[in-house]
Amino acid sequence: MKKQSGAMRDILRMAARYRGAFAGALLSTVAVVLLGFVTPLLLAETIDCVLSGKPTSLSAPLANLLRSFGVCRSWLRENLWALGIALIALHLLNGLFSYFKGRLNAVASEGVARDLREQLYGHLQRLPFAWHVKAETGDLIQRCTSDVDTVRRFLAAQLMEIFNALLMVAVALVILLRRSVSLTLISLVLVPFLFAFAAWFFRMVQKNFREADESEGRMSAVLQENLSGVRVVRAFGQQEREVEKFDAVSEDYRRKSRRLIDLLSIYWGGGDMLSMLQQAITLLVCTLLAIRGEITVGSLVLFTSYVSQLLWPIRQLGRTLSETGKSVVAMERIRTILDAPEEPPEPDALKPDLSGDIVFDHVSFAYPDDGVPVLKDVSFTIPAGKTVAVLGATGSGKSTLMLLLQRLYEPTGGMISIGGVPLDHIDRAWLRSRVGLVLQEPFLYSRTIRENVGIVQKHPSEESIERAVNIASAAGFIKRAEKGYETVVGERGVTLSGGQKQRFGHRPDPGAGYTHHDLRRFPLRCGYGDGCEDPPLPGGALRQRQHYPDLTPHHHPVQSGPDHRDGKRKDRSGGNTRGTDPEGRRLPADLQDPVRKRKGGRS
C-alpha cells in the first residue's frame with residue numbers, strides 16, 4: 001500500500017508542474033456539473049410553477065432578482081419560448097465548458113507524458129553498463145511507451161472523472177434533501193452498494209493488470225529479440241522453435257488479459273443491474289407518491305433526472321478506479337527505472353593526455369551478478385605506439401579487458417593506468433570519447449552513410465566526414481553506392497555486407513579534432529570485409545594516420561604452421577608474408593603493416 005501511495009504521489013507531483021491547466025480544467029468541471037443540474041431544476045420549476053400555478057421553489061433572493069428584470073409567472077406563461085431559449089443556452093454553455101475541460105486536460109496530460117518520456121530517456125542514458133546488460137529491451141520499450149501512455153490517459157480523463165463523480169453526488173444531495181429527505185434516501189438506497197462494488201473491482205483489477213502488463217512486457221521482449229536476430233534464426237533454421245517460444249508467451253498474455261476482461265464484464269454487468277434497479281425503484285416510488293399527491297410532477301421529473309445523472313458517473317467510478325490502479329502499476333514500473341542509480345558524478349575527475357603507456361597492474365575482476373572471477377592478477381604493459389594482440393579461448397576475459405579500459409566496469413582488484421594516471425581518476429566521458437571500441441558487429445542506424453559516419457557530431461564538416469571515411473578505407477564502396485554518402489544503410493546496416501559494416505566500426509570521430517595521441521582504438525576482433533573490394537585494414541594503416549597503442553583481443557586459435565614471432569608470418573614454404581593480406585595478396589605500400597609487437601597467451 002505504501003508503494004502504491006508513493007506511485008500516486010509521483011503522478012500528482014509531475015501533474016503539479018501544469019497546475020494552471022489542471023486548475024482551469026477543474027473550474028470547467030465545476031461549471032459543467034452545475035449547468036447539468038440547472039436543466040432539471042428549470043424543467044421542474046416550469047411544470048410546477050409556470051404551468052401548474054403552484055408556489056415557486058426558488059429561493060427568495062433569486063425570485064426577487066428575476067422579478068426585477070420583469071420575469072414573472074404570467075410573463076413566462078405568455079412567452080414559453082423564453083424557457084426553450086434558456087434550455088438551449090444552458091446546453092451551449094455546458095458544451096463550451098466541456099470543451100475547455102477536455103482541452104486543458106489534454107494539454108496538461110500530454111505535457112506530463114512528454115516530461116516523463118524525456119526523464120526516462122535521459123535517465124537510461126546515464127545508467128551503468130551493468131544495468132543495461134541485465135535489462136530486456138522489449139520490456140524497457142513497453143515501460144517507456146505503453147506505461148507512460150497509461151499515466152497520460154489517467155491524467156487526461158480519469159483524474160477529473162473522480163472529482164466529477166464526487167461533486168455530482170454532493171450537489172445532488174444538497175438539492176434533493178431540500179425537496180424530500182425520505183425520497184432522497186430511497187432514490188440513493190443502492191448507491192453505497194455501487195461504491196462498494198467499485199472498490200472491490202479496483203482491488204481485483206489492479207492485481208490482474210500488473211500480471212497482464214508484465215506478461216505483455218515479456219511478450220514484447222521475445223518479439224524484439226526475434227526480430228533483431230531474424231537472420232540468425234533463419235541461418236540456423238530455428239523458425240519453428242521461435243514460433244513455439246512466442247506462442248507460449250502470447251498464450252500467457254492472452255490468458256491474463258482474458259482474466260481482466262472477465263472482471264470487466266462482471267463489473268459492468270453487475271453495475272448495470274444495480275443502476276437499472278435503482279432507477280426503477282426511484283421511478284416507481286415517485287410515481288406512486290405523485291398519484292397520491294404527496295409530491296409534484298416537477299419533483300418526480302427532478303428526482304428521476306438526478307438519479308439518472310448520478311448513476312452513470314458512479315458506474316464509471318469503477319472503471320475510473322481501475323484506470324487509476326493501472327496508472328499506479330504503470331508508474332511503479334516506470335519508477336523501477338527512475339530509481340535505478342546512475343553512474344556517480346565525478347566533479348574532481350581528471351582529463352589527462354592519454355598518449356602514455358597502458359598498464360594493467362595485478363588486475364582482477366568478477367562480474368557482479370555471479371561473482372565468478374574472470375580475470376585473476378593480470379599484469380602487462382602496452383608501450384605507447386605499439387600493438388598488442390591478446391589471444392585466448394572463448395570466455396577467458398579478452399572482451400572484459402576492453403570493458404575495463406572504458407570503465408564500463410571497475411576492477412575488483414589491482415589498478416589500470418594510462419600514462420601513469422589511474423583509470424578511476426579519469427573522467428568517464430573524457431576517457432570513453434578517446435578510447436574507442438571497434439565492436440565485432442558494429443551497430444548502424446537506419447540513416448544515411450553520412451549520418452552514420454558523423455553520428456557523434458551535430459554538424460560535422462564535409463572534410464571531417466571524408467577524412468574519417470579515408471582512415472577506415474571505406475571510400476571505395478561508398479563511391480560505388482547508388483547515392484554515395486546519402487545512401488540509406490537500413491536498420492543495423494542490413495544493406496551492407498559484413499566487411500563494409502566493419503569499416504564503419506573503424507571510423508574515428510569525424511569532428512572531434514583530436515591530436516594524434518588522443519585517440520586509442522581497441523578492436524574486439526580483426527576481420528576482413530566479405531564482399532568488400534577495398535584493401536584490408538590492418539592496424540598499421542590506422543596507426544600511420546593516428547598514432548596510438550592498439551590492444552587487439554583475438555579469439556582465433558593460434559595455428560601451428562605460420563610463425564608469429566616478431567610480428568612476422570611465414571607460410572608453409574618458409575616465405576615471409578609481412579605486408580600481405582590473409583590470402584597472400586600484396587597490399588599497397590601505404591597500407592603495409594609495420595612490425596607489430598604482440599604478446600601471446602591467454603588473458
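**Contacts, burial and helix packing**

Author: Leaving aside residues up to four places away in sequence, A21 touches L104 and A108, where contact means heavy atoms within 4.5 Å. The model is a predicted one, in which local features need pLDDT of at least 70, side-chain atom pairs count only at pLDDT 80 or more, and totals for chains, interfaces and linings use all residues. Residues are numbered from 1 along each chain as its sequence is written, and side-chain values use heavy atoms, with hydrogens and water left out.

Reader: Where does A21 lie, and is A21 buried or exposed?

Author: Buried means under 20% relative accessible area, exposed over 50%, and partly exposed in between, with a 1.4 Å probe and protein chains only. A21 belongs to helix α2, and its relative accessibility is 16%, so A21 counts as buried.

Reader: How is the packing of two helices described?

Author: Two packed helices are described by the angle between their axes and the distance between the axes. Axes are lines fitted to C-alpha atoms, for helices over the stretch in contact, and angles run from 0 to 180 degrees between N-to-C directions. Helices here are DSSP runs (H or I, at least four residues), as strands are (E, at least two), numbered from the N terminus. Helix α2 (residues 19–51) and α7 cross at roughly 35 degrees, and their axes come within 10 Å. This crossing is right-handed, the term for a near helix turned clockwise from the far one by less than a right angle.

Reader: Which classes of residue form the contact of α2 with α7?

Author: Ala, Val, Leu, Ile, Met, Phe, Trp, Tyr, Cys and Pro count as nonpolar, Asp, Glu, Lys and Arg as charged, and the others, Gly among them, as polar. The contact of α2 with α7 has 18 nonpolar, two polar and two charged residues. Among them are F22, L26 and F37 in α2, and L155, F163 and R179 in α7.

Reader: At what angle do α7 and α9 pack?

Author: Helix α7 (residues 137–179) and helix α9 (residues 191–228) pack at about 160 degrees, their axes 9 Å apart. Therefore α7 is roughly antiparallel to α9, a term for angles over 145 degrees. Three nonpolar, six polar and four charged residues make up this contact of α7 with α9.

Definitions and conventions:
Parallel < 35°, antiparallel > 145°, perpendicular 65-115°, else oblique.
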